[in-house]
Amino acid sequence: MRQILGILDDHSPGIGQDAMRAVLLEDRVYNAWTADEWAELKGPERSIDLEIEDAALLLDGLAFTEAMSVELPWFEMVRWTVDFITAELRPLWTDAEWAAQGD
C-alpha cells in the first residue's frame with residue numbers, strides 16, 4: 001500500500017481531496033507498525049480500516065501503475081499484483097456501493 005500511495009503522491013496534481021486522503025491513509029498504514037518493524041519488514045499482521053474512497057484511491061493508483069508499466073520486462077508481475085489486490089478489495093463493498101462511488 002505504501003508503494004501505491006507513494007506513486008500517487010509522485011504523480012498527484014496537487015493537494016486535492018484525493019491527495020489529502022492518500023496522505024491520511026499513508027499515515028494510518030505507517031503508524032500501524034513501529035519504525036523498527038518497518039526497518040526490518042517484520043512484525044505482526046495488523047488490520048487497517050479502509051473506507052470505499054480509500055480502496056478506490058488504491059485501485060486508481062494500481063491502474064496508473066499498470067498503465068505506466070506496459071513496456072517494462074516485469075509487466076506480467078505488475079498485472080498479477082493489480083489483479084490480486086483488486087480481487088481482494090472489490091468484494092469488500094457491493095456493486096451498488098462501487099457504482100455510487102463512481103467506479
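What share of the contacts in the protein with a separation of 6 or more is accounted for by residues 24 or more positions apart?

**Figure 1. Overview of the predicted model and its contacts.** Residues 24 or more positions apart account for 59% of the contacts with a separation of 6 or more, where contact means heavy atoms within 4.5 Å. The protein has six helices and zero strands, helices being DSSP runs (H or I) of at least four residues and strands runs (E) of at least two, numbered from the N terminus. This is a predicted model, in which local features need pLDDT of at least 70 and side-chain atom pairs count only at pLDDT 80 or more, while totals for chains, interfaces and linings use all residues. Residues are numbered from 1 along each chain as its sequence is written, and side-chain values use heavy atoms, with hydrogens and water left out.

Figure 2. Ala22 counts as buried because its relative accessibility is 10%, buried meaning under 20% relative accessible area, exposed over 50% and partly exposed in between (1.4 Å probe, protein chains only). Of the 103 residues of the protein, 27% count as buried.

**Figure 3. Ala22 with Leu5 and Leu57.** When neighbours within four places in sequence are left aside, Ala22 is in contact with Leu5 and Leu57.

**Figure 4. Ala22 and Leu50.** Although Ala22 and Leu50 lie 28 residues apart along the chain, their C-alpha atoms are separated by 12 Å. For scale, the C-alpha atoms of the protein fill a box of roughly 40 × 35 × 30 Å, taken along the principal axes.
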